Amino acid sequence: MKTNFSRMIAVLCIITALFSLSAFASAAAPSEEELSPQASAYLTDYTAWAVRSSNHEVYVYYDVTATKTIGCLGAKLIVIEMKDGSDWTAVKTYTGTTSNGMLILNNNGHGGAKIYQGTSGNQYRAVVTIFGGSSTTNGDSRIVTTNTV
Amino acid sequence: MSENGRSRRNGGFDGDTAQNQTHQKKQDEEAQLEKIWQELENSEEGEEIDPERFLRDMAVLDELVPLPDFDLGASWQEFKEKHHALLEDLKPADQQSSAFASDEKPKRRRSVKPVRVALVVVLILAMVTMASCGIIEYIMKAIANWSDQVFRYEVTQELRVEEPNLELPDNQHYDSLEDALEDYGVTTEYVRIQYPDGFAFQKLQVWEYSDSVKLMATYIHNEKEIIFTIWHYKDSTALELQAAEKLPADADVYIRNGIKHYVVENTETVTVSWIAGTELYRIAGGFSTEEVELMIDSIYEGFDSHEN
């Protein structure tokens, strides 16, 4: 009886550990970044990623760190894409401006998000154009494709 | 003989297979069954059961009353139909426990099993609670890789938030890095950095995302900036997709206190990155190689050194 009980405890521990691991392993694979082949005088690092809520809202986050305080930085464009068979189709585009908060002036860091209402049964991702420059038109752009949600 | 014992034998063992036996044979079988049952019933609480004896007893039972092809669902349905009055009369579980408390023979079956189930439940709850309270520390592991264009971390041990509290990012300003770390519950020993002479704290900005927090301190000297960033992750997705700009040269690796610090050159700045626990640290500024080494060394002054 004791042996059986010990075995039961051991099995439960293993199952619990496996659940924990499977939770960690359920990650979306990182997407390829399409990057210009040079370093930047404006950008240190950047990222963009997507999270899906239980009611199918797609949150697209972006974050950028500049090399120093620069004239303009943030997300210049966010294109939400929906998977259509093996293709991706653009379903929504957000253009960055200082008034909608996607771009910010005279700072060395910026981050934000856009929310898109998705539908059940569809997969989404976003293609985010990160920007950092001396002005809204003069600078470096980098494109990041988020994870699929 | 307990009620439980009788009903079990009548319902489970003395079925149709016994009906075709002779009266004498039936009596012998019943005597053998009774003997086995008594041995099981009389064993002391917590007593180890001899597995060989148990298997032997089961073999005898199987020989005497071989189990027919058994459909558990059909059997339960049949039992319910035959004994629906009994099922209706069943008392609530707590009353049953007290009623059976005076019944000495089935005590082990009815008192020990719930205790074991409770122990298992407590064990699972304790593990979940420990994890949620951070007693079991989640560790994020990643390996650095780089191309001619970017430096990035490839996550090898992920962090995941299954149900993040989704909100739009919150941007806050603080008077000191320590205040922000305290407010966001980030405990770290990697922030005591000796920056090059002349640099002074200017501002601290925080971006709080649903699954991570970015704290960014700016130090200035003669219009030059040092930007120290701490990413505190609850989910490593943002890290997986993060890229740091660099020139084509390889990253230099400084190992201090067992932690690899990667130094890459950007156009006009140098970037130092390292990961510890669930945090990514990054310092960027216009440093010389000597200044980078001094800054990294300064982080670990006072640490027990186990450099490798």
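Is B:N222 buried or exposed? I started there, keeping in mind that this is a predicted model. B:N222 has 6 other C-beta atoms within 10 Å, and the cut-off for exposed is 12 or fewer, so B:N222 counts as exposed.

**Entry: two asparagines in chain B**

I looked up where B:N222 sits, and found it in the loop between β5 (212–221) and β6 (224–233) of chain B. Its phi is near 50°, a positive value in a residue that isn't glycine.

Then I checked B:N257, which is in the loop between β8 and β9 of chain B. Phi of B:N257 is near 55°, again positive in a residue other than glycine. I counted 19 other C-beta atoms within 10 Å of B:N257; buried needs 20 or more, so B:N257 goes down as partly exposed.

**Entry: the sheet in chain B**

I traced an open sheet of 8 strands in chain B, in the order β3-β4-β5-β6-β11-β10-β9-β8, with antiparallel pairing. The edges are β3 (170–174) and β8 (252–256) of chain B, each of which pairs on one side only. On average, neighbouring strands of the sheet are turned by 20° against each other, ignoring direction.

B:N171 is placed opposite B:W207 in β4(B).

**Entry: what lies across the sheet**

Which helix lies across β8, β9, β10 and β11 of chain B? I got α10 (residues 289–299) of chain B, running at about 30° to β8(B). Its buried residues are B:V292, B:M295, B:I296 and B:I299. Looking down the axis of α10(B), I see these buried residues fall within an arc of 95°, so they line one face of the helix. Their cover includes β8, β9, β10 and β11 of chain B.

**Entry: B:T218**

I picked B:T218 in strand β5 of chain B. Which residues does B:T218 contact, leaving aside neighbours within four places in sequence? I noted B:Q202, B:K203, B:E225 and B:I227, plus A:N108 from chain A. I also checked B:A200: it is 18 residues from B:T218 along the chain, and their C-alpha atoms are separated by 8.4 Å.

**Entry: the nonpolar core**

The largest nonpolar core has 76 residues, and those touching the most other members are A:A48, A:A50, A:V60, A:V128 and B:L215. Strand β2 (residues 57–84) of chain A gives the most to this core, with 13 residues. For B:L215, I set aside residues up to four places away in sequence and found that it touches B:L177, B:A180, B:L181, B:L204, B:V206 and B:I230.

**Entry: chain A overall**

I went over to chain A, which has 1 helix and 6 strands. The elements run α-β-β-β-β-β-β from the N terminus on. Of the 149 residues in chain A, 40% are buried. Among chain A contacts with a separation of 6 or more, 66% are between residues 24 or more positions apart.

**Entry: β2(A) and its partners**

Which strands does β2(A) pair with? I went through them one by one.

- With β1(A), β2(A) pairs antiparallel over 9 bridges, and A:V51 has A:Y59 as its bridge partner.
- With β4 (residues 103–117) of chain A, β2(A) pairs antiparallel over 13 bridges; here A:D63 stands opposite A:G111.
- With β5 (residues 124–133) of chain A, the antiparallel pairing of β2(A) runs over 10 bridges, A:I80 being partnered with A:A126.
- With β3 (residues 87–95) of chain A, β2(A) has 8 bridges, also antiparallel, and A:E81 is partnered with A:A90.

**Entry: two turns in chain A**

The hairpin of β1(A) and β2(A) has 4 residues between the strands, and A:H56 there takes a positive phi near 70°. A:S54 is in the loop between β1 (43–52) and β2 of chain A. I found 7 C-beta neighbours inside 10 Å, and 12 or fewer means exposed, so A:S54 is exposed. A:S54 and A:S120 are 66 residues apart in sequence, with 9.6 Å from C-alpha to C-alpha.

The hairpin of β2(A) and β3(A) has 2 residues between the strands, and A:G85 in the turn has a positive phi of about 70°.

Definitions and conventions
Residues are numbered from 1 along each chain as its sequence is written. Chains are lettered from A and ligands numbered from 1 in the order in which they are written. This is a predicted model: local features need pLDDT of at least 70, side-chain atom pairs count only at pLDDT 80 or more; totals for chains, interfaces and linings use all residues. Two strands pair if DSSP finds at least two bridges between them. Axes are lines fitted to C-alpha atoms, for helices over the stretch in contact, and angles run from 0 to 180 degrees between N-to-C directions. Two residues are in contact if their C-beta atoms, placed from the backbone, lie within 7 Å. The arc is that of the directions from the helix axis to the C-beta atoms. A nonpolar core is a set of buried Ala, Val, Leu, Ile, Met, Phe, Trp, Tyr and Cys residues joined through C-beta atoms within 7 Å.
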